[in-house]
Amino acid sequence: MAETGLQIGIIVGYLLLALGVGLVAYRLTDRTAEDYFLASRTLGTVVLLFTTFATLLSAFTFFGGPNVSYAAGPEWILVMGLMDGVLFGILWYVLGYKQWLVGKAHGYVTLGEMLGDRFGSPVLRVVVAGISLFWLVPYVMLQQQGAGTAITALTDGAVPYWIGAGGITLFMIVYVVLSGMRGVAWTDTLQGIFMLGMIWLAVAWILSAVGGPGAATSELAAVSPGHLSLGGGLYTPAYVLSTAVSIAFGVTMFPQVNQRFFVAGSKTVLKRTFALWPVLVILLFVPAFMLGAWAQGLGIAAGENQNVLPLLLNQYTPAWFAALVIAGAMAAMMSSSDSMLLSGSSYLTRDVYRQVVAGVTDRREAMVGRIGVVVIALLSFVASLFQPGTLIEIGDTAFGGFAQLALPVLIALYWPGTTRYGMYAGVGGSQLFYLASVFLPFVPASYVLPFASGLGGWSASVVGMALGLALTVGVSAVTAPAAGEDAAVYQGHSAD
């Protein structure tokens with residue numbers, strides 16, 4: 001009981017520290033929508049880098065990733081670490097930098113606002129916001145589910161799942177409602193540095209206990225040699241490439257990531273940030289995923305719905321240290337969820353509420369945004385109580401849904417010939433195709449392409465992206481601009 005009290009005390013102490021940072025930010029936040037949602041576009045290199053880092057690297061990294069490595073091998077590092085670190089860095093420049101230029105020139109706050117203005121279409125604005133919110137809720141739920149299961153595992157069931165998930169949800173509501181983007185970015189920076197340090201300390205502690213990396217790897221080779229041969233053949237090249245592409249393009253359309261393309265204080269800040277991004281990704285993914293793989297060789301027995309990382313820590317580290325690492329995992333989850341809640345509420349208020357209610361002031365929009373944070377958090381918490389699917393399944397599904405938006409948006413930013421009807425076709429067609437592959441059992445989830453049959457099946461997400469690209473370009477080529485479209489909105493803002 002004393003040990004459980006110590007563990008809970010450490011986690012609560014960390015949460016209170018993060019709350020204190022949020023309260024300081026609240027005192028400095030203006031009561032305007034732009035300041036609440038975007039911190040008045042003033043973030044510097046360190047804060048922008050770590051808030052993006054902490055926002056993306058969530059329960060999927062701390063629990064889902066090690067679980068995959070535990071089950072099939074550490075090559076997930078190639079997918080998430082090397083391939084997506086580099087791919088997302090490139091997309092940050094190609095798509096994010098262009099979006100920052102356009103957003104700064106016209107004062108855009110959301111992706112839907114940027115697209116709706118260019119194509120003179122409130123409908124497109126609402127559709128993009130609706131799609132984003134649809135895929136956002138399961139990913140918020142992913143963080144809450146991860147928090148609940150982690151605290152339950154850490155305390156050997158003394159704290160039930162619903163209390164762990166509910167407590168984290170309540171905490172996030174309080175400090176996101178109070179602090180807005182400035183507080184979220186500051187706490188993300190604190191949490192990003194903390195979780196990076198704790199995962200490396202965990203690696204050092206556990207490897208010291210088992211005799212070093214060579215000994216841990218030898219144990220893995222003895223217990224499960226397939227883990228050292230690209231996941232024992234479980235993953236085809238097409239699957240690995242599909243996953244990397246889907247995740248990289250998907251995260252660029254995550255509301256909480258996409259809005260960070262608007263918040264940099266200058267183009268120098270933005271360029272430094274995407275250049276440093278791949279380095280930071282590798283520094284987190286390598287230790288986190290290797291711990292999952294080594295756990296298999298060290299005899300850690302994780303059930304189907306258990307997270308291997310807390311079990312490994314309980315086995316090889318003292319209770320107080322395990323609690324600190326789990327606090328780092330809580331940091332990862334909160335730094336994703338807080339940003340999701342903030343961005344989701346901006347989409348809800350700016351792209352939906354403003355289209356329905358006329359004459360909304362900035363102060364009223366900020367207030368409604370705070371209400372939106374509460375609504376989204378509570379809906380996702382209720383859904384998380386049912387634990388519908390594993391962390392990986394939920395994460396994979398949301399990544400693919402967001403990825404369908406990426407290519408139509410990219411085409412719209414760079415090709416003046418893109419039309420409203422091309423965007424309707426590209427965005428709507430790819431989403432319908434992907435939704436069918438997820439929810440209809442008779443629609444295939446992967447496809448073997450004739451020109452690449454030797455690589456295995458390509459995911460429906462990547463096939464849907466290709467469909468969206470073809471529809472956007474094809475329909476735009478045969479349709480004329482509709483009334484209200486203004487191709488000049490995106491012109492004159494070239495990435496250099």
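**The whole chain**

Start with everything in cartoon view: the protein chain has 18 helices and 2 strands. (Helices are DSSP runs of H or I with at least four residues, strands are runs of E with at least two, and both are numbered from the N terminus.) This is a predicted model, where local features need pLDDT of at least 70 and side-chain atom pairs count only at pLDDT 80 or more, while totals for chains, interfaces and linings use all residues. Residues are numbered from 1 along each chain as its sequence is written, and side-chain values use heavy atoms, with hydrogens and water left out.

Of the 496 residues in the protein chain, 59% are buried. (Buried means under 20% relative accessible area, exposed means over 50%, and partly exposed is in between, with a 1.4 Å probe and protein chains only.)

**Stop 1: salt bridges**

How many salt bridges does a search of the whole structure find? It turns up 3. (A salt bridge is a side-chain nitrogen of Lys or Arg within 4 Å of a carboxyl oxygen of Asp or Glu.)

Select Glu-113 and Arg-350 to see one, with N to O at 2.9 Å. Glu-113 sits in helix α6 (residues 111–118) and Arg-350 in helix α14 (residues 319–356), 237 residues apart. Buried or exposed, Glu-113 and Arg-350? Both are buried.

Next, pick Arg-118 and Glu-485, whose side chains meet at 3.7 Å, N to O. This pair joins helix α6 to the segment after α18 (460–478), across 367 residues. Arg-118 counts as buried because its relative accessibility is 2%.

Now try Arg-125 and Asp-351, with their closest N and O atoms 2.7 Å apart. Arg-125 belongs to helix α7 (residues 122–154) and Asp-351 to helix α14, 226 residues apart. Both Arg-125 and Asp-351 are buried.

**Stop 2**

Select helix α15, residues 362–384. Its 23 residues should span 33 Å at 1.5 Å a residue, and the end C-alpha atoms are 33 Å apart, so the two agree. (The expected span is 1.5 Å times one less than the number of residues.) Color its buried residues, including Glu-365, Arg-370 and Phe-381.

**Stop 3: Gln-296**

Gln-296 lies in helix α12 (residues 267–297). Its side chain reaches the backbone oxygen of Tyr-70 at 2.7 Å.

**Stop 4: Phe-442**

Finish at Phe-442, in the loop between α17 (420–439) and β1 (446–447). Phe-442 counts as exposed because its relative accessible area is 65%.

Terms used: Polar contact = N/O pair within 3.5 Å; in protein donor to acceptor, adjacent residues only side chain to side chain.
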